[in-house]
Amino acid sequence: MKISLITATYNSAETLRDTMQSVLNQTFKDVDYIIVDGNSKDGTMDIVKEFEPEFEGRLRWVSESDKGIYDAMNKGVKMAQGEVVGILNSDDFFAADDILEKVNKTFTENPTVEGVYADVRYVKWDETDKTVRVFSGKDFKREKLNWGKMPPHPSFYVKRECYDRFGLYSLDYPICADYDMFVKMIWEGNINTLYINDIFVNMRSGGTSSSGMKVHKKIMRERMRCVREHKMPSNFFKQSWRYFQRVFSLIKK
């Protein structure tokens, strides 16, 4: 089973080397690695070209202006040749060398499964060996989407044909297109998903959707619009509950 892995980049030279090296280190080699760059100006593409020979034909890339990260992801999905598609952000890296091996094994042994997900470890930006917190998908269930819960997006791998059925990431949601996609695939489409009890990705803290009160206000506005669009049985209180849970867990800790 071929796995297409997509990395969207824009001025990612500071972190991309770790990302690409973690892909290169994967023991599973039937990988269609796609880098979609937004016309970076900081040397990002120099790193891509430096690594390219080491992938021995398994790396494809494009560098051109885009409309943001989800537009770049959509380009990658359209380019994908694998039966399964996953996303690895340009400031993230795999937590171990056998992650794609586990993804392949899970799909192979469970032919009716259409999507798998696991856990993501948030790490300090400059000290990636230090854990900030773990975003676990263990307790996720379909009905929790209307409470604002979703699987950790960087750990999510889905059969490519699901994008054909449910469409690409909506550019109407600059921050929450991942939540909208989960609503389309899991809530409305009720695809068969399976949780893998493992940490797939180390994610540097401080990404687009993880910093600042203004950003979280935008997230809430986008999510409420998504709820209305898909006619989900949700409301502002339900969508806010995940913030209360995070506070409770920090207090308990």
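This is a predicted model: local features need pLDDT of at least 70, side-chain atom pairs count only at pLDDT 80 or more; totals for chains, interfaces and linings use all residues.

I began just past helix H6, where Asn 190 takes a positive phi of about 50°.

**H6 itself**

Next I went back into the helix, which spans residues 177-188. How many of the residues of H6 are buried? I get eleven of the twelve, so H6 is largely enclosed by the rest of the structure. The buried set includes Ala 177, Asp 178, Tyr 179 and Asp 180.

**H6 against H7**

Then I looked at how H6 sits with H7. Their axes come within 10 Å and cross at roughly 30°. An angle under 35 degrees counts as roughly parallel, so I put H6 and H7 down as roughly parallel to each other. The crossing of H6 past H7 is right-handed. On the H6 side I noted Tyr 179, Asp 180, Val 183, Lys 184 and Glu 188, which meet Arg 223, Cys 226 and His 230 in H7.

**His 230**

His 230 lies in H7, which covers residues 213-230. Is His 230 buried or exposed? Its relative accessibility is 12%, and the cut-off for buried is under 20%, so His 230 counts as buried. Its side chain makes a polar contact of 2.6 Å with the side chain of Asp 180. Setting aside neighbours within four places in sequence, I find His 230 in contact with Asp 180, Val 183, Lys 184 and Glu 188.

**Pro 152**

From there I moved to a loop. Pro 152 sits between strand S7 (131-135) and strand S8 (157-159). Its relative accessible area is 0%, so I logged Pro 152 as buried.

**Strands around S9**

S6 (residues 115-123) was next. S6 pairs with S9 in the parallel sense over eight bridges. S5 (residues 92-94) runs antiparallel to S9 (residues 193-204), with three bridges joining them. Which residue of S9 stands opposite Phe 93? I find Asn 202 there, and Arg 121 stands opposite Asn 202 too.

**H1 and H2**

Another helix pair for the notes. H1 (residues 16-24) and H2 (residues 44-51) have axes 10 Å apart and pack at an angle of about 20°. That makes H1 roughly parallel to H2. H1 passes H2 in a right-handed crossing. In H1, I noted Leu 16, Arg 17, Met 20, Gln 21 and Leu 24, which meet Thr 44, Ile 47, Val 48, Glu 50 and Phe 51 in H2.

**Thr 9**

My last entry is for Thr 9, in strand S1 (residues 3-9). Thr 9 has a relative accessible area of 3% and is buried. A polar contact of 2.7 Å joins its side chain to that of Asp 37. Among the residues Thr 9 touches, not counting those up to four places away in sequence, are Leu 16, Asp 37, Thr 44 and Ser 90.

Note on methods
Residues are numbered from 1 along each chain as its sequence is written. Side-chain values use heavy atoms; hydrogens and water are left out. Helices (H or I, at least four residues) and strands (E, at least two) are DSSP runs, numbered from the N terminus. Buried means under 20% relative accessible area, exposed over 50%, partly exposed in between (1.4 Å probe, protein chains only). A polar contact is a pair of N or O atoms within 3.5 Å; within protein, one must be able to donate a hydrogen and the other to accept it, and residues adjacent in sequence count only if both atoms are side-chain atoms. Contact means heavy atoms within 4.5 Å. Two strands pair if DSSP finds at least two bridges between them. Axes are lines fitted to C-alpha atoms, for helices over the stretch in contact, and angles run from 0 to 180 degrees between N-to-C directions. Angles under 35 degrees count as roughly parallel, over 145 as roughly antiparallel, 65 to 115 as roughly perpendicular and the rest as oblique. A crossing is left-handed if the near helix is turned anticlockwise from the far one by less than a right angle, and right-handed if clockwise.
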